[in-house]
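Keep the model open as you read.

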Amino acid sequence: MTDKILSTGSEWTFDLIADYDREIGNLARDYKLDTYPNQIEMISAEQMIDAYASTGMPINYTHWSFGKRFVSVEKSYQRGHMGLAYELVINSNPCVSYLMEENTMTMQALVIAHACYGHNSFFKSNYLFKMWTSADAIIDYLMFAKHYISECEERHGIVAVESILDACHALMNYGVDRYKHPAPLSLQEEKIRQQNRENYLQSEVNELWRTVPKSKNLAETKQTQQFPAEPQENILYFIEKHAPLLAPWQREIVRIVRKIAQYFYPQKQTKVMNEGWACFWHYRLLHDLYDAKLVTDEFMLEFLQTHTSVIAQPAYNSPHFSGLNPYTLGYHMMQDIRRIAENPTEEDKRWFPQHANTDWLPTLDTAMRCYKDESFIAQFLSPKLIRDLKLFHMLDDERHPSLHIGAIHNEEGYQRIREALSSQYNLSHNEPDIQVFLVDVNGSRDLTLHHTQYQNMPLHPHTTNEVLKHLHTLWQFPVNLKSLTSDGQTVTEFHCPPK
Amino acid sequence: MTQFIDRRSTRHKGTVNRRRFMLRYQDHLKKAVFDAVGKRSITGIDQGEQVIIPKKDIAEPMFQHTTGGMRHIVLPGNDQYITGDKIERPEQQNGQGSGAGDPSNEGEGSDDFIFELTREEFLEYYFDGLELPDLVKKELAQINTFKTIRAGYSTTGIPTNINVQRSMRQALGRKMAVNALFKRRLEAAEQNYLYLKTIDSDRLTLEQALNEIELIKKKIVTVPFIDTIDLRYNNRIKIPAPATNAVMFCVMDVSGSMDEIKKDIAKRFFILLYLFLKRSYSKIELIFIRHHTSAKEVSEQDFFYSRETGGTVVSSALELLHQTIETRYNPSAWNVYVAQASDGDNWNADTPHCTDLLRQKIIPLVQYFSYIEIMPRHHQSLWEGYAQLAAQHPNFAMQNIDQISDIYPVFRELFKRKTA
């Protein structure tokens with residue numbers, strides 16, 4: 001019986017990793033997990049810190065802020081303030097996962113199950129990733145971006161490139177199309193298009209800012225039209241296309257930052273689901289290894305200890321509390337869906353009539369494919385889980401002197417908690433809603449943005465002014481930001497340069 | 001099919017971004033380095049340094065909400081609340097409010113960013129662009145120390161250098177070569193003898209043949225066991241070795257007119273020179289000479305912190321300096337640097353003596369002589385005397401320091417890279 005065991009002890013070798021990967025891969029196929037081919041890369045802790053610091057991309061362009069992050073991650077790692085992420089996985093085809101050389105064999109197996117089969121299948125099948133990212137092209141595109149930016153640095157100097165990048169990073173959250181789909185990317189096309197684009201873009205901009213009127217009629221019609229005709233949510237896109245004085249290479253850099261922001265957008269929207277899915281599968285797959293007598297008891301104990309600490313959720317009043325742990329929430333929801341499908345209680349049958357007593361695998365698969373965090377929670381957060389996690393809803397309204405408990409884990413509270421939690425994962429509620437509203441095309445070329453307050457939440461005045469400075473770097477004419485209440489009353493105004 | 005790639009070899013990728021960060025904040029780093037020097041003792045100076053950068057300077061701002069408005073928050077681990085409870089609003093600092101996570105780069109938290117400079121980076125900033133004059137010349141052209149190293153074997157030499165093993169090997173070879181000829185001839189002679197015997201030659205012929213054999217045997221015996229041409233000697237050659245030792249003389253006036261502030265300025269200056277030399281030389285000795293009317297070699301502690309009073313005779317220190325170089329630091333083996341700090345006070349009649357001493361005896365022996373005068377007001381006779389020297393000798397430099405902030409610029413001025 002023991003001769004089937006893959007390995008004992010904590011040392012790993014590439015042969016052993018290949019053995020584990022084969023076994024885990026076989027099990028994953030039995031569960032019909034649809035994955036990209038895997039590419040597993042072994043790196044050192046320092047390289048992990050580095051990749052981590054460069055927004056998790058292996059071949060990102062060079063920027064001081066990544067250096068800053070590198071320094072602080074390295075420091076807290078060395079002082080033992082934090083363990084490193086055990087793994088890093090990239091939504092690409094083939095799916096690149098990084099293993100850290102310092103880890104034990106158990107940890108490597110855990111990461112293989114978690115990243116190479118869990119995250120990998122999520123990347124391939126979730127609708128947001130399918131719709132918004134092109135896994136085939138991302139590595140090539142990053143190569144293109146890296147080369148392009150270093151070329152720009154040679155040609156125009158590090159300082160000039162850095163100031164554009166700084167400005168773009170400040171607006172990165174506003175470089176995302178939420179409704180319009182981007183076209184897929186590919187390296188060759190991108191290079192050719194980039195050449196054409198420089199010329200085309202510049203001609204477009206010139207057209208907009210033409211000061212010599214073509215004819216009287218045209219000039220008149222233009223004056224009556226507001227520009228942009230509708231508010232624009234993608235500020236970086238707007239800058240790329242319409243900023244009056246940017247050089248073509250600067251527009252291209254804006255575009256690069258924008259494309260990368262777009263690529264990461266689905267990850268921000270599916271944090272809970274993605275981690276929950278991966279945790280569910282590493283738990284399932286490693287237990288199957290154990291059931292098949294392929295791993296030892298020691299292996300399982302080490303794995304379970306790590307698993308438990310990954311999905312630990314400190315209570316709201318614990319000194320370790322730092323928000324809801326997406327691993328915990330996601331993992332428990334995924335397990336819960338299986339439970340509801342297999343062994344529903346009367347309560348479950350009332351709440352989930354369409355999922356109770358179904359085949360759990362297709363049910364879970366559908367949940368993974370067709371939702372994002374917000375809708376996933378709204379659909380699948382069960383009363384049982386609310387009770388298990390002892391979730392409660394609190395209302396913080398500045399008009400009242402005290403905080404108000406809106407709902408707790410009881411019959412009246414479930415639905416309210418579910419709604420509140422779902423909206424907590426709605427990105428457009430967390431990030432201030434700021435859009436390009438108006439450009440004074442024929443006069444001062446002022447750019448005006450509108451911030452529409454959500455639930456009266458004000459903008460942070462200092463950072464807002466700082467971001468406007470960055471925006472001014474790009475636009476190069478006065479920039480204004482009006483903060484409006486939801487019914488259109490102006491609350492505050494920000495100006496750069498200050499008025 | 002899974003592909004495995006071992007990428008562990010390509011290390012230190014993060015350093016590129018780290019460099020970028022340092023480039024961007026070099027003003028902060030340089031200032032921190034400069035401040036740090038004042039706090040360290042001369043020999044303890046070359047360590048890394050923690051640089052604190054205010055958070056506001058490295059912030060990466062984003063549009064974000066601040067406190068206020070209305071928020072719905074869901075929290076885990078309810079242990080006491082029921083619907084309708086009212087809780088006092090906690091202090092804004094650590095309110096559990098922002099559970100939905102906007103980890104602010106900015107906002108209220110004001111922890112400063114701490115950057116660790118390594119020892120190398122610390123010194124790099126310190127000596128950015130500086131170079132001691134003629135350092136290269138001294139190191140590459142004016143090499144006047146040598147060391148002997150073994151360099152194979154030679155056919156000539158003195159008896160003490162005979163290499164026995166090599167010599168015997170030569171002898172053996174020679175003997176085998178010479179004997180080979182005789183042995184062939186001996187063989188031929190013996191065969192001839194046997195042949196003559198078989199055909200019953202007369203006695204005379206046989207005797208001749210035997211004599212022939214004897215003769216050849218003798219010749220074999222007389223081949224010398226060892227010959228002069230066999231001798232091999234260990235060969236040693238001299239190669240030029242650049243002196244890697246430096247001695248640095250700190251000369252300071254400790255007369256009553258030098259107060260604590262002036263001494264502190266002088267100390268910083270000496271530290272700078274020490275650090276700078278440390279980059280170029282593997283071993284540096286520090287000699288401290290203090291003087292008022294007479295000069296004395298002292299320890300670092302005494303040098304900076306003991307108090308003296310009295311008049312000033314600079315030449316006393318210069319004489320001691322010269323004597324020490326002559327007796328202990330032969331300039332062919334040592335690179336000699338002198339840094340003198342003074343407030344410019346000197347007994348008037350002594351100044352001509354000082355300049356003579358420097359011109360004729362000291363300057364020819366030293367790599368570099370730097371003089372700083374810590375004096376906010378007008379210069380006295382010593383300055384004028386030295387000024388003439390500075391004009392004539394490129395390895396003599398002098399500068400005036402008014403206050404503490406002048407040190408670094410003056411140091412740069414003294415040691416700045418000479419173009420061409």
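We'll start with the contact between the chains and then move on to strand pairing.

A quick word on ground rules: this is a predicted model, where local features need pLDDT of at least 70 and side-chain atom pairs count only at pLDDT 80 or more, while totals for chains, interfaces and linings use all residues. Residues are numbered from 1 along each chain as its sequence is written, and chains are lettered from A and ligands numbered from 1 in the order in which they are written.

The contact draws on 79 residues of chain A and 56 residues of chain B; two residues are in contact if their C-beta atoms, placed from the backbone, lie within 7 Å. On chain B, the elements giving two or more residues to the side that touches chain A are strand 1 (3–6), helix 1 (14–24), strand 3 (70–75) and strand 4 (86–88). (Helices, H or I with at least four residues, and strands, E with at least two, are DSSP runs numbered from the N terminus.) Helix 1 of chain B gives the most, with seven residues.

Strands pair if DSSP finds at least two bridges between them. Here A:His404 has B:Lys86 as its bridge partner.

Within chain B, strand 8 (residues 245–253) and strand 9 (residues 283–291) pair in the parallel sense over nine bridges, with B:Leu286 as the bridge partner of B:Met248. Strand 9 of chain B also pairs with strand 10 (residues 295–298) of chain B, antiparallel over four bridges, and a hairpin of three residues joins these two strands.
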